[in-house]
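The sequence and the structure are shown first.

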Amino acid sequence: VIDIRKLYAGTGKFSYDPGFMSTASCDSTITYIDGDKGELLYRGYPIEQLAVNCDFMDTSHLLLKGDLPSAAEKKEFVGLVKKHTMLHEQMQFFFRGFRRDAHPMSVLVGTVGALASFYHDALDISDAHHRELSAIRLIAKMPTLVAMSYKYSVGHPFVYPRNDLSYTANFMHMMFSTPSEEYRINDVLVRALDRILILHADHEQNASTSTVRLAGSSGANPFGCIAAGIACLWGPAHGGANEAALNMLKEIGSIERIPEFIKKAKDKDSGFRLMGFGHRVYKNFDPRAKLMRETCYEVLNELGLHDDPLFKLAMELERIALEDDYFVSRKLYPNVDFYSGIVQSALGIPVQLFTGIFAMARTIGWVAQWNEMISDPDQKIGRPRQLFVGETHRDVQIKR
Ligand code: ACO
């Protein structure tokens with residue numbers, strides 16, 4: 001076995017790999033992806049089994065602590081998370097400083113970063129207990145922050161967490177309850193959102209996770225590092241894709257117009273891509289996309305929307321693209337974002353908040369990866385090299 005860390009250390013050699021197409025930035029025991037087979041494992045467990053047999057709290061425990069919890073461990077873990085769902089009251093003033101029409105992702109970048117100011121002085125990240133407490137605080141407070149960013153955008157009063165509910169049911173309560181009407185919990189819909197959280201919980205060294213690791217490699221405050229991850233996730237090539245995929249389906253509008261959009265996606269000059277298609281690592285079906293399609297079907301059935309035109313359109317678009325040589329030869333398959341927008345929309349989540357839901361789910365992955373990195377005694381500050389292609393030397397000659 002070659003120890004990559006030692007191979008290049010001190011040799012003065014480095015590789016040039018823009019976009020990290022084939023460079024590993026770290027070693028990790030958390031998530032394994034086989035992009036050719038379309039396989040995704042969290043700590044060795046297939047995503048298909050986790051999505052069916054576990055909930056988001058089991059998955060969070062697994063990612064953070066390395067194993068699925070026993071009944072007693074789960075009780076303790078969930079109890080700890082519930083203890084930290086509230087935000088400091090002063091955070092309300094922070095929210096009120098934003099414009100009402102601010103994008104929820106910009107609000108999240110700001111408010112999650114602001115949490116650093118509440119938990120900075122006493123935080124010693126070299127202490128495993130402190131790191132775990134930061135992780136718990138982050139996963140506990142994210143649903144509260146995401147729901148508050150929504151309530152603020154629609155001008156409704158903030159709804160406080162209800163700790164008698166499950167993690168995901170409490171989030172739906174904070175999103176949809178109003179002073180005059182308590183949201184009625186529907187187990188099928190809660191389960192669907194919980195599955196979205198499981199499927200998005202971690203995905204090894206994607207752009208936002210790499211951002212969190214790079215920011216954290218300097219020893220920075222974890223809340224600041226997660227805020228950096230949220231900023232990265234916001235991009236349309238990453239977490240913004242589910243919003244873009246849903247908007248694209250709406251723009252296509254009818255099955256008859258699919259060929260027109262397929263043609264446009266194949267034309268490099270059009271600048272248009274099929275959103276929700278393609279993935280840097282998966283060169284086969286994204287296993288999460290299959291589970292998401294199933295969830296989509298369950299939710300629409302539960303809500304009596306079996307004939308939902310967007311779902312039918314999405315399935316037809318998938319079928320046509322997967323028979324087209326352009327997509328087949330480039331191994332472009334639907335990714336998790338292709339169906340998640342339809343599910344979230346059916347759950348009543350506004351399009352602008354989709355990436356916020358993704359951030360809420362991915363927080364456990366970010367913080368588990370950050371914890372793994374900081375726990376490594378050989379951890380170094382991340383400092384990529386560059387290939388300099390500018391002027392090498394010039395003398396200053398100012399002509400006046
Ligand atoms: N529609 C049309 N053509 C595409 C698409 C697409 N969605 N995705 C890739 N291609 C084409 C490219 O034009 C390129 O063609 P070429 O070889 O003829 O030049 C080829 O497929 C390879 O594409 P790259 O951009 O080199 O692949 P990369 O790995 O860099 O990009 C990415 C992956 C960003 C996800 C890309 O497939 C894309 O833009 N997809 C749409 C956005 C999307 O769905 N993002 C979600 C990602 S999943 C997530 O974040 C959870």
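Helices (H or I, at least four residues) and strands (E, at least two) are DSSP runs, numbered from the N terminus. The model is predicted: local features need pLDDT of at least 70 and side-chain atom pairs count only at pLDDT 80 or more, whereas totals for chains, interfaces and linings use all residues. Residues are numbered from 1 along each chain as its sequence is written.

## Annotated positions

Under "active site", an unreviewed UniProt entry lists H279 and D337. UniProt positions are given in the numbering used here, feature names are shortened, and annotations may be inferred rather than shown by experiment. The two residues span 59 residues in sequence, yet no two of their C-alpha atoms are more than 10.5 Å apart, so they gather at one spot.

H279 is found in the loop between α13 (258-266) and α14 (287-302), while D337 lies in helix α17. A residue is buried if 20 or more other C-beta atoms lie within 10 Å of its own, exposed if 12 or fewer, and partly exposed in between, with C-beta atoms placed from the backbone. H279 is buried because 24 other C-beta atoms lie within 10 Å; D337 counts as buried with 28 such neighbours inside 10 Å.

Contacts are taken between residues whose C-beta atoms, placed from the backbone, lie within 7 Å. Not counting residues up to four places away in sequence, H279 touches D286 and N335. With the neighbours within four places likewise left aside, D337 is in contact with A241, N242, A245 and G276.

## Nonpolar core

A nonpolar core is a set of buried Ala, Val, Leu, Ile, Met, Phe, Trp, Tyr and Cys residues joined through C-beta atoms within 7 Å. The largest one has 106 residues, and within it I226 and I230 touch the most other members. Helix α18 (residues 354-375) supplies the largest share of this core, twelve residues.

Leaving out residues up to four places away in sequence, I226 touches V112, L138, V212, T363, W366 and V367.

## The β-sheet

Three strands form an open sheet in the order β1-β2-β3, with antiparallel pairing; the edge strands, β1 and β3 (45-46), each pair on one side only. Strands pair if DSSP finds at least two bridges between them. Four bridges join β1 to β2 (residues 39-42), and two join β2 to β3. D34 stands opposite E39 in β2, and L41 stands opposite P46 in β3.

Most residues other than glycine have a negative phi. E204, however, has a positive phi near 40° and lies in the loop between α9 (187-199) and α10 (207-216). E204 counts as partly exposed because it has 18 C-beta neighbours inside 10 Å.

K331 also has a positive phi, near 55°, and sits in the loop between α16 (325-329) and α17 (337-347). With 14 C-beta neighbours inside 10 Å, K331 counts as partly exposed.

Notes:
Two residues are in contact if their C-beta atoms, placed from the backbone, lie within 7 Å.
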